[in-house]
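Take a look at the structure below. The paragraphs after it walk through it step by step.

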Amino acid sequence: MNGAQNSSKVVLLHLAVIGVLLAANFLLPEYHRGVFSRVLVLAVFAMGYNLMFGYTGLLSLGHAMFFAAGMYGAGLPLYHLGWGVPLSFGTGLVAGVGVATIVGLLALRTTGVAFMIVTMMFAQVFYLGSLYFTTWTRGEEGLVLNQQMRSIDLGGTAISLSDPSTRYLIALALFSVILLAILKLVRSPFGRTLVAIRENEERMRMLGYDVFRAKLSAIVLSGLFCASAGAAYAILFGYVGAGFATIQYSILPLLWVLAGGAATTLGPLIGTLFMFYVIDYTSGLTTAYLLFVGVALILLVLFFPKGLLGTIRERWLPWLP
Amino acid sequence: MGFGPYLLLASLEGLVTAAVLALTALGLSLVFGVMRVVNVAHGEFFMLGAVLAWGVSTAFAGHPAIGFTAALLVAPLVVGAAALLSERLVLRRLNYDPEATIVATIGMLYIIQQLALTFYGADARPVQPPFNIRIPLPWFGFSGYKLFVIFAAIAMMIVTWFVLTRTKIGLVMRATQYDRETAQAFGIPVDRVYAGVFALGAMLAALAAVLIVPIQQAHYLMGRDPLLLSFIVVIIGGLGSLRGTVVAAVLIGLSDSIISMFYSPTLAKMLATGLVAMVLVFRPQGLFGTTAR
């Protein structure tokens, strides 16, 4: 049967991507391994964004809030209370889910352009809040989590997360879990519901689906995934700062997802990797990397609205999820 | 000084903010209202106006008023031309699709910001006010230029109101805003109206920026706050409502200035942004707007 064949092809493809990334840990030179571990974490952020923007069709301009909620949720207890890494990671996730639930309940009362502006404003309130409570967050300057805080005690042996290889493997583990979760999610009836809502919300409502609940679930899941990326970033790279809550960090995942291909499971990874190296390369040539980001956004939206993987799927590989 | 004079000072400063904000927000509101385009690059047009004002005014030697007047004429024209160009090159090709234009104007924001950083630099640079008069009040002297800004903005608002409601151009714009297809069927060149409105919106922002530079200095990141505040004003005031824009600008300007003086600027912005988000959530048509079609 064609469907089953495609299904195993899809699963194999995703496992192969994870396999290649695992091999990369042992093959990549030091600098690029560092870049890759950062990209893997940020790709999780982009995947969380994609679930809402690509699959559900909700264009949010406030996702830095979810990322930063995870980051502060994990970083603050780690820094101030000395809670361990696993517990802090957990509080990061809880913070993300909490913020996403509240924002979702409020913002979903609006649609379209108003939705974007409301999400942007909530994110701005969050950002200003992180500046206002400077006593604990140190604002733009941020908190540096030292190496001792960032180690896990496993039956007497301490695993240091600042070791490049450990860091890479943990980033990859998080990436793999979220990638497979999203793959499962978008191929499930729930994922199909989200896509159908994106295509025609009114029809779904008429068919008797609880559109509000489905959209809220998408936001909460997106918040959870983005917060996991934020928490992981804080723990793996040892820095928590208000810079990650700025509007720029709401726009970057949009750029990554657009570049890689909205509503594709692997697009966010490809987009993040691509844009990261493009910026890395151009900032070596010129300091004007924002110019490049701007031009890239305009060119993408004008001539390449489906992104890299989206175009490949449309032309050659219609079975890509 | 007691509590009263502080409040008066805060209110006067707030009115200056409100004046500049009303002009900026009016530009955003026109573009949003007529074209249904959320122009995220609006703050950068504002910044561009301020930076150009510095460039033009320093190019003229002699009395500061000469340079300032030149800036008042040149900066809005150049910014309007830049806006016209980006409208033709980008927005029209996207067929004014709301989501695509948001992404594209974010791109413009970055491009303009980076160009300003590259060619103008990261310094904040002052512009001489055209005149230096202090108006003596019993408790403090208040800058005459700041009063001039308030009156200039009021004059500009009246001109805009007159154009919108009493002239043929305004009629054409309102017809396009009300129903694009029907307007086109009646022979209105919708295409050109859109281009004109986009340029006009940018010019209003630039004008507001020229007025503020003698008070605030020109800096390449100065577009961020006006953008957010203009969004706030447009939303509270309701789309396309001139009266709403003015009232909201005064409300935001005054509250921002008073809360900033007595508490903290960050808290003021937090409260304003949060409240506005709530307005949008619970009353999407704005406080003064009529229900959206």
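How many salt bridges does the rule find across the interface of chain B and chain A? It finds zero. Keep in mind that this is a predicted model. One residue pair is in polar contact across the interface, with both residues at pLDDT 80 or more.

Chain B and chain A bury about 3,400 Å² between them. Of this area, 86% lies on carbon and sulfur atoms. Four elements of chain B give two or more residues each to the side that touches chain A. They are helix 3 (64–91), helix 4 (98–120), helix 9 (224–237) and helix 11 (265–282). Helix 4 of chain B supplies the largest share, 15 residues. By residue type, this side of chain B divides into 27 nonpolar, eight polar and three charged residues. The contact takes 38 residues from chain B. Chain A also brings 38 residues to it.

Salt bridges do occur elsewhere. Over all chains, the structure holds twelve. Side chains of opposite charge can pair when their charged atoms come close. One salt bridge joins Lys146(B) and Glu13(B). Their closest N and O atoms are 2.9 Å apart. This pair links distant parts of the chain. Lys146(B) sits in helix 5 (residues 144–166) of chain B, and Glu13(B) in helix 1 (residues 3–35) of chain B. The two residues are 133 residues apart.

Next, look for empty space. Rolling a probe the size of a water molecule over the atoms shows where such space is left. What does a search of the whole structure find? There is one cavity of 30 Å³ or more. The largest cavity holds about 40 Å³ of space. Its lining includes Met52(A), Ser60(A), Gly62(A), Met65(A) and Phe66(A). Val103(A), Gly104(A), Phe115(A), Thr119(A) and Ile219(A) line the largest cavity too. Helix 3 (64–81), helix 4 (85–107) and helix 5 (112–132) of chain A each supply at least two residues of this lining. Six lining residues are nonpolar, four are polar and none is charged.

Definitions and conventions: Residues are numbered from 1 along each chain as its sequence is written. Chains are lettered from A and ligands numbered from 1 in the order in which they are written. This is a predicted model: local features need pLDDT of at least 70, side-chain atom pairs count only at pLDDT 80 or more; totals for chains, interfaces and linings use all residues. Side-chain values use heavy atoms; hydrogens and water are left out. On a 1 Å grid over the protein atoms alone, a cavity is a set of points where a 1.4 Å probe fits but cannot get out, and a pocket is an open set with protein on both sides within 12 Å along at least five of seven lines; lining residues have an atom within 4 Å of a point. Grid points are joined across faces, edges and corners, and a volume is the space filled by probe spheres set on the points. Ala, Val, Leu, Ile, Met, Phe, Trp, Tyr, Cys and Pro count as nonpolar, Asp, Glu, Lys and Arg as charged, and the others, Gly among them, as polar. Contact means heavy atoms within 4.5 Å. Buried area is the accessible area (1.4 Å probe) that two parts lose on being put together, summed over both. A salt bridge is a side-chain nitrogen of Lys or Arg within 4 Å of a carboxyl oxygen of Asp or Glu. A polar contact is a pair of N or O atoms within 3.5 Å; within protein, one must be able to donate a hydrogen and the other to accept it, and residues adjacent in sequence count only if both atoms are side-chain atoms.
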